[in-house]
Amino acid sequence: MEIKYFSASGSTVFHYGRVPYITFKSFDGLDFVRHGFSTRLGGVSHGIYGSMNLCYTRGDDAEAVRRNFSLIGGALKIAPEDMVYAMQTHTANVMEATDAHRGMGVVRPRDFDGVDGLVTDVPGIALVTTYADCVPVFLADPVKKAIGLAHSGWRGTVNNIAQAAVNRLLELYGSKPENIRAFIGPSICRSCYEVGEDVAGQFAKKYGEDVFLRGVLIPIEPYKGKFLLDLHTANKINLINAGILEKNIGMTDICTCCNPSLLFSHRASKGQRGGMCGFLQIAD
């Protein structure tokens with residue numbers, strides 16, 4: 001499988017096998033967590049969902065999705081019964097996942113909605129969020145042994161779900177920002193993400209001059225009113241503003257839209273696609 005990288009950082013590792021998946025070099029050294037990011041390969045779904053679709057809400061056969069969770073869970077050594085799958089709606093809401101939530105969204109119904117971020121300090125619980133261009137933000141505190149995972153699309157980025165997730169780690173578990181390790185996972189790169197004045201205006205209002213000085217928004221010339229949006233940099237700014245040390249923030253080198261045969265991309269497929277998931281678990 002040929003992968004197109006948009007940077008030479010070498011921050012991600014592609015694991016080959018019957019069920020391929022991606023890990024992050026900076027998290028591979030954290031021995032208290034298991035983590036991974038699925039691809040679109042190695043599952044049993046067909047058609048536009050081929051083959052590792054992990055989204056129940058896009059029209060795929062539910063039994064195929066359940067089988068896919070079993071397959072990726074086997075590859076990552078994470079049982080579906082231990083997964084807590086966020087029901088995201090592009091909010092900045094972050095929920096604590098407890099033992100009572102195990103399996104919700106994967107093997108049994110959820111009792112929550114409108115949640116785009118999860119945190120926990122319970123060994124064995126696996127946080128799960130779904131993606132097809134939006135930004136996964138992985139958080140791990142090796143001192144307090146607490147973790148967080150957030151889905152940050154453009155709305156989540158403007159509304160700063162990264163800060164909300166960090167705040168929950170601080171409030172619930174006594175984490176200190178300087179101890180938290182973060183990784184901005186596979187998602188759409190700036191070169192692929194064109195937005196209009198409506199979205200650009202919200203970022204300009206949020207970030208001020210930094211939106212242009214730091215390359216979050218780049219005007220497309222000569223087409224007025226169109227911009228390239230860098231969600232990776234915007235989320236990095238959010239994490240730094242939340243107190244996380246820049247040296248503790250890793251960033252993906254893989255774009256979902258640049259790799260449509262490897263990863264689901266909403267933009268590349270014009271909405272005809274399945275969904276991938278990020279997984280983060282405290283090893284028990």
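**Entry 1: helices H4 and H7**

I began with the packing of helix H4 (residues 161-173) on H7 in this predicted model. I found that their axes come within 8 Å and cross at roughly 35 degrees. I noted the crossing of H4 and H7 as right-handed. From H4, I listed Ala162, Gln163 and Val166 as the contact residues, and from H7, Asn235, Asn238, Leu239 and Asn241. I then sorted the contact of H4 with H7 by class and recorded 3 nonpolar residues, 4 polar residues and no charged ones.

**Entry 2: helices H5 and H7**

I next looked up helix H5 (residues 197-207) against helix H7 (residues 231-241). Their axes come within 13 Å, and I recorded a crossing of roughly 25 degrees. The crossing of H5 and H7 is left-handed. I found Phe203, Lys206 and Tyr207 on the H5 side, where they meet Leu231, Ala234, Ile237 and Asn238 of H7. The contact of H5 with H7 divides into 5 nonpolar residues, 1 polar and 1 charged. I noted that Asn238 of H7 is listed in the contact with H5 and also in the contact with H4.

**Entry 3: the sheet containing S1**

I then turned to the strands. I traced an open sheet of 6 strands in the order S1-S2-S3-S15-S7-S4, with mixed pairing. Strand S1 (12-15) and strand S4 (83-85) stand at its edges; each has a single partner strand, so one side of each lacks a neighbour in the sheet. Phenylalanine 14 stands opposite isoleucine 22 in S2.

**Entry 4: the sheet containing S5**

I followed another open sheet of 6 strands, with the order S5-S6-S9-S8-S10-S14 and mixed pairing. I identified strand S5 (94-96) and strand S14 (249-251) as the edge strands; each has a single partner strand, so one side of each is left without a neighbour in the sheet. The twist from one strand to the next averages 15 degrees. I also examined strand S6 (residues 117-120) and strand S9 (residues 146-152), which pair in the antiparallel sense over 4 bridges. Here I noted threonine 120 opposite isoleucine 147 in S9.

Conventions: Residues numbered from 1 in each chain as written. Predicted model: local features only at pLDDT ≥ 70, side-chain atom pairs only at ≥ 80, totals over all residues. Heavy atoms only, no water. Pairing = 2+ DSSP bridges. Helix = DSSP H or I, 4+ residues; strand = E, 2+ residues; numbered from the N terminus. Axes fitted to C-alpha atoms, helices over the stretch in contact; angles between N-to-C directions. Left-handed = near helix turned anticlockwise from the far one by under 90°. Contact = heavy atoms within 4.5 Å. Nonpolar A, V, L, I, M, F, W, Y, C, P; charged D, E, K, R; others polar.
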